[in-house]
Amino acid sequence: MINTRYLIALCFAAGIYTSCKNQQGNQNNNYSGWPAYAGSKEGLRYSSNDEITLNNVNKLKVMWTFSTGDKDTANLSQNQCNPIMVDGILYGTSPKLKLFALNAATGLQKWLFDPAKDDTTNNGDPMAYYKVSRGVIYWQNDDGEKRIFYSVGAKTWAIDAENGTPVRSFGKGGYLDLTKNLDRDTKSFVAGTTPGVVYKDVLIVGDRVSESADAAPGHVRAYDARTGKLKWIFHTIPHPGEVGYNTWKDTTAYKKFGGANNWAGMALDEKRGIVYIPTGSVGGDFYGGFRKGQNLFANSLLALDAATGKLKWYYQFVHHDLWDRDLPANPNLVTIVKDGKKIDAVTQITKHGYVFMFDRTNGKPIFPIVEKPVPTKALPGEEVWPTQPIPTMPQPFARQMFNPEDVTDRTPEVHREMLSKYNQVKNRIMFTPPSKEGGWIFPGFDGGGEWGGAAVDPESKVLYVNCSEMPWAQVMIDVPKTNTNDHSPQALGHVVYNTNCIGCHGAELKGNGASYPSLVNIGKKYTTDQVSGIIAAGRNMMPSFKQISPADKKNLLAFLLKIPETKAAKEVAKEPTGTRAASSEAEKKMIDEVPYAMNGYNRFLDKDGYPGIKPPWGTLNAVDLTSGKLLWKVPLGEYPELTKKGIPVTGTENYGGPVVTKGGLVFIAATKDEKIRAFDKRTGKVVWEANLPAAGYATPATYSIDGKQYVVIACGGGKIGSKSGDSYVCFGLTD
């Protein structure tokens, strides 16, 4: 057997010690780098660096900033990237998904790859790269070749990590097409957002798909990291003969339903060769009458053999989901001691504010989980699953009920107004089926726990997770019926709108806030070509609707832009013969299969834009994974104008995750007030904060070079009304 010290010496001599550790994982609990999304393949968001401590954190200064200068001046672009650091090089992405390599100590650019300039991807769409990427994957093969894998929409690129050029021998001239190899033809939206993992030479990827009834399937796929050839596929909507197939009453479900996708990231037990993959809900979020049954493997944690894709175990967190309760973040792998027994565990946070824990070898719950009866009275045609799983421990990190006494009392006037609005939504119990009377989704559709994920200290076994405590109203409506005898372009376009757009923008096109803008008089803001481009490419929260037929698209434009019938008819007439039939098919689908829609994503906000619930509105929480106890909960974020009025710090809605360090700190940005903060990990006390050029809706990265620790955050803004940014800011201690 080779001597370990000799192996390390060889790695140092070759100048690749960091990479050697990356390939071996963290078997020696060395977390001094940041070689993977969330810091490690275990998904811990933990750093063993302790150069920055409680005693000196207040001396942090900006070391460098870096910008590609490609933010959207209309404040619609974002940057949610958690960059990685390997061998002193920082890799990350810009708002337009340019991939860059920097000297991680100085911020000086080494190279830049712009996918818009590559001959194989340039489609002339100026908005095609206002997409979201939350990180990249580093891989080094036995020959010393180094690659970065990252996604731009439906393409997952292999880029030479040394020079930033595509690896043309990989996939289709340098990339994978995520719309292919799904074992089913689809024209629906598919895109990569959160990176997957590499196990040996197996690249495992998930994807984002639309949430409508015609969503693409969210099957998990693995490719040869050298060649890009498909190695295995796991059907998250099972095919005949596969485990879970009988949980669908419709025996042809695998042929037509989509979703159940991994959009939130993964965790890898490299020693055992097991990858842990959380999934989302089935397409058609809020009405499931056409997808009756338990709906495996939606809303589930999958434990798969990383080399073969074979299922080892699974657990479903929400049965027959009607509330968009996707699993929002990658799991965390940690070892705990319970009842005197050492257990290798996997933890999973949820949107409804729970932490579930399992033995990662067999899926056995660490703490008991109870299947609790839930309300079952539902819309006609719906079949609600009668129970939902609730963990007895750990304690939830979010409030679980929104009652009348919880309505904001910021001022007496605001309280009266919001209490009146509160009483218009009738149902208050979690997991109440969607209804026309309405129900409170609390924590809201965005959590609770979200894609920023949780950080876990492997030494103390404490989990740190940020949380938004924002109520959202879920009110269902009948999908508006249009005059089936009216075949004018505007009338047919109204059908297309009701089928594809009503859930976000509402029956009256008024939308709700920055994420779901009003479409009323949209023609005064955008040209026909610009609206057409947004429909085709998507934009931020909105996915691409390129699957809409050319005729349907023309009709939709006629409806949205109020194009006169004669002009619209001439445009539609230019389309190939037979495409008009797609409108009647969309209408049939709407009437026969999707009779109800949610009337928009409605945050419960007062007239001044503040949450209509008593604070805290955003929190940072510490959970002891050994005892299951919630150790502390503190507000995260601030509205300075309210603080000046004497109102205690409220917290804000937040996006992005925390990082915990051996130095005793939790670093997190995520807040609407455009700050990054450090908290004492023992007490939750804020010990440092700094202003950012734009909100840091991302997870920081921290690493050490030559004994000096750095903290880097992407400042992309662009969400919930924040201004957009395009810079990375690096903090450190001066000499």
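Lys562 sits in the loop between H8 and helix H9 (565–573), where helices (H or I, at least four residues) and strands (E, at least two) are DSSP runs numbered from the N terminus. This is a predicted model, in which local features need pLDDT of at least 70 and side-chain atom pairs count only at pLDDT 80 or more, while totals for chains, interfaces and linings use all residues. Residues are numbered from 1 along each chain as its sequence is written, and side-chain values use heavy atoms, with hydrogens and water left out.

Lys562 follows H8 and has a positive phi, near 55°. Most residues other than glycine have a negative phi, and most peptide bonds are trans. With a relative accessible area of 54%, Lys562 is exposed; the cut-offs are under 20% for buried, over 50% for exposed and in between for partly exposed (1.4 Å probe, protein chains only).

H8 itself, which covers residues 550–561, is another story. Nine of its 12 residues are buried, so H8 is largely enclosed by the rest of the structure. The buried set is Ala551, Asp552, Asn555, Leu556, Leu557, Ala558, Phe559, Leu560 and Leu561. The length of H8 checks out too: at 1.5 Å a residue, the 12 residues should span 16 Å, and the end C-alpha atoms are 16 Å apart. The expected span here is 1.5 Å times one less than the number of residues.

How do the two helices meet? The axes of H5 and H8 come within 7 Å and cross at roughly 100°, with axes taken as lines fitted to C-alpha atoms, for helices over the stretch in contact, and angles running from 0 to 180 degrees between N-to-C directions. H5 and H8 are therefore roughly perpendicular to each other, a label for angles of 65 to 115 degrees (under 35 is roughly parallel, over 145 roughly antiparallel, the rest oblique). On the H5 side, the contact (heavy atoms within 4.5 Å) is made by Pro489, Gln490, Leu492, Gly493, His494, Val496 and Tyr497, and on the H8 side by Asp552, Asn555, Leu556, Ala558, Phe559 and Leu560. By class, that comes to eight nonpolar, four polar and one charged residues.

Elsewhere, Leu301 lies in strand S19 (residues 300–305) and, at 0% relative accessibility, counts as buried. Leaving out residues up to four places away in sequence, Leu301 touches Tyr276, Ile277, Pro278, Trp313, Tyr314, Tyr315, Phe317, Leu327, Pro331, Val346, Gln348 and Phe358. One of these, Tyr314, is 13 residues from Leu301 in sequence and 5.5 Å away in space, C-alpha to C-alpha.

Phe442 and Pro443 are joined by a cis peptide bond, with omega about -5°, and Pro443 falls in the loop between strand S26 (439–441) and strand S27 (454–457). The peptide bond from Gly447 to Gly448 is cis as well, omega being near 15°, and Gly448 is in the loop between S26 and S27. Lys461, in the loop between S27 and strand S28 (462–468), has a positive phi near 60°.

Taken as a whole, the protein chain has 11 helices and 41 strands. Of its 735 residues, 63% count as buried.

Conventions: Nonpolar A, V, L, I, M, F, W, Y, C, P; charged D, E, K, R; others polar.
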